[in-house]
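Welcome! Take a moment to look over the sequence and the 3D picture below, and then we will walk through some of the details together.

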Amino acid sequence: MVAVDLPESTRPAARRSPAARGRRAAGRILPLVPAFALIALFFLGPILWCVYASFTDVALTGATASTPHLIGLRNYRRMFADPAFGQSLWLTVVFVVGSAVIGQNVGGMALALLMKSRHRIARAVVGAIVVGAWVMPELVAGFVWYAFLADDGTLNAILRAVGLHGKSWLYVMPLLSVIIANVWRGTAFSMLVYSAALSNVPEDLLEAAAVDGASAYRRLRHITLPLMRRAVMTNLMTITLQTLAVFTLIFVMTGGGPGTKTQTLPIYMYQSAFKFYQLGYGAALAIVLLAVGGVFSVIYLRMMREEI
Amino acid sequence: MTTAVSATPRTSRPPRLSTTGPRRRAAAAVAYLVLALVAIAFLLPFGWLFLASVSDQASLKADVPHQLTLRNFADVLTGDNLHALANSLVLSLGAAVLTLVLAAPAAYPLSRYTRRFGRPILLGLLFATGLPITAILVPVYGLFVQLELLDSIPATTLFLTATGLPMAIWMMKNFMDEVPIALEEAAWVDGASGFRALLRIVLPLMLPGTTVVFTFTFALTWGNFFVPFILLVDPAKQPASVAIYQYFGLHGTASYGLLAAFSILYSLPVVVLYTLVQRVLGNAFALSGGVKG
């Protein structure tokens, strides 16, 4: 770190003895050590072990549990030949696009726009209800939606009351069910982000455009949205990364089923590693999940760059 | 807040162009209608939770109870379930306190010293916040098996802390940036060490930020199901999230009232905590999630 600080030593204040400079560097590094040691042990270490494990046949039980063998790319080759993997990758994409990119993002924007300049009480009530769905623990959200969509659940009771026939929603359209549940749960976040961004759009600009005869749509399209571009991009990245990792909601509502119809990558990884005890194969799936998250994370970094 | 501020000068202005008046009112009426529908749609799934919890014969349907009762709440507060809630408290409080203790000193040099020094570390931290923790659980399970750490509440707390630290340090650093450095420089001149300046000057001044990081970590840990579900196998060590899930599987259809009551009791702490922090600090809690739009 001394090397990094070298240019500063040209400044008079920093012209000190090497020992003093060493102390100064230590003063900067030492406070970081405990936190980064923990991150290295329980965050970085496991990721590196995961890379290693994905090249072995390590299992939870049986002979290969204690003495795993290196098997090269066999886990990956198996993965890419595995139709269940292809399906789970596709289901993950549909889940993320449907519930985050479309559902939460568009829903959150719509709510933020609708709530702008509405009465204080209306904002407070609607805000509290929508945020309430977000504050609930994910597990409870899963129960609540399981009960809502079950055969003898609330939705079918309502439909019967108005003379319609209900369906076994979780069997007939399981993926749409978990997507809607995740939209319900996550829209509040986008709404809060967009409400904050909307309040930064200068009111005079919109009023000037209105006076010039620009319609509400044109004001939104040509003033509000361009000014919110940054907020939209960062929010999209954040909710994509959050949705990619969703496990509990799907696990409680459908368990990945019926069959494999809602078996997104996290669920498939869980099944492989902890239900079928193939830790090596589960590790390979985890690497894919990490890689997808890593790619989005890098894009996110590029957008946040100016802030650091 | 902002509408209230901008509304004051508006009233003193001459009335708007007449063409926008009625149309604006119609648009507002439509907006209120849509908002009402959205509110109802968001409320409906909650219906079952509240009705079943006070019903003596709860099913999966949001039925008006034949008889209102609080027995479900009393029945669910058994020794085992209370124990599970206590485990949740130990995990969440442990992770939140440990996060503050580790994140505050780590964030300090990142906030105070040269950009050249902190930038690569901050980029690395921000990158880590994007990685799906779900995926790390497979290798962590392997690690815990090899180090014989399964069923250890302290080890699980450490893991939960480690996964939350990148975000916590990032948030702390941002809050710290808001505290002017001049105050510490005065303290340095008086001979205070960097650590004392952090403890006595910076942290008290960024108490709202510290509260947000604490609450954020506590709520995330309290709500976490997957991590303890994998790492804590012994029922005596499992937190409420896992206990409720097991309860659901064991008792199934027979006890929806109890399930709903347990779910409400389990949700209550985070909802109360969020409401309190929200009251005091405004939207800082929600927006501190890394997004500074």
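Helices here are DSSP runs of H or I with at least four residues, numbered from the N terminus. With that in mind, helix α3 of chain B covers residues 71–76, so B:Arg71 and B:Asp75, four residues apart in this helix, are separated by about one helical turn. These two residues form a salt bridge, with their closest N and O atoms 3.4 Å apart. Please remember as you read that this is a predicted model.

**Where chain A meets chain B**

- On chain A, 95 residues are in contact with 94 residues of chain B.
- The size of an interface is often given as the accessible area lost when the parts come together.
- For chain A and chain B, the buried area is about 8500 Å², and 79% of it lies on carbon and sulfur atoms.
- Helix α17 of chain A (residues 279–304) gives the most to the side of chain A that touches chain B, namely 13 residues.
- That side of chain A is made up of 70 nonpolar, 14 polar and eleven charged residues.

**Salt bridges and polar contacts**

- How many salt bridges are there across the interface of chain A and chain B? The rule finds zero there.
- Residue pairs in polar contact between chain A and chain B, both at pLDDT 80 or more, number four.
- Over all chains, a search of the whole structure finds four salt bridges, and the pair B:Arg71 and B:Asp75 forms a salt bridge within chain B.

**A helix pair across the two chains**

- The crossing of α3(A) and α7(B) is left-handed.
- On the α3(A) side, the residues that meet α7(B) include A:Phe36, A:Ile39 and A:Phe43, and among those on the α7(B) side are B:Leu158, B:Phe159 and B:Ile169.
- This contact of α3(A) with α7(B) has 13 nonpolar, two polar and no charged residues.

**A helix pair inside chain B**

- Helix α4 (residues 79–112) and helix α10 (residues 207–223), both of chain B, have axes that come within 8 Å and cross at roughly 145 degrees.
- Is the crossing of α4(B) and α10(B) left-handed or right-handed? The crossing is right-handed.
- Among the residues of α4(B) in this contact are B:Leu85, B:Ser92 and B:Leu100, while α10(B) brings residues including B:Phe214, B:Thr217 and B:Trp222.
- By class, the contact of α4(B) with α10(B) has twelve nonpolar, six polar and no charged residues.

**Backbone details in chain A**

- Most residues other than glycine have a negative phi, and most peptide bonds are trans.
- A:Gly257 and A:Pro258 are joined by a cis peptide bond, with omega about 0 degrees.
- A:Pro258 sits in the loop between α15 (248–253) and α16 (265–275) of chain A.
- A:Tyr277 is not a glycine, yet its phi is positive, at about 60 degrees.
- The loop between α16 and α17 of chain A is where A:Tyr277 is found.

Terms used
Residues numbered from 1 in each chain as written. Chains lettered and ligands numbered in written order. Predicted model: local features only at pLDDT ≥ 70, side-chain atom pairs only at ≥ 80, totals over all residues. Heavy atoms only, no water. Axes fitted to C-alpha atoms, helices over the stretch in contact; angles between N-to-C directions. Left-handed = near helix turned anticlockwise from the far one by under 90°. Contact = heavy atoms within 4.5 Å. Nonpolar A, V, L, I, M, F, W, Y, C, P; charged D, E, K, R; others polar. Buried area = accessible area lost by both parts, 1.4 Å probe. Salt bridge = Lys/Arg side-chain N within 4 Å of Asp/Glu carboxyl O. Polar contact = N/O pair within 3.5 Å; in protein donor to acceptor, adjacent residues only side chain to side chain.
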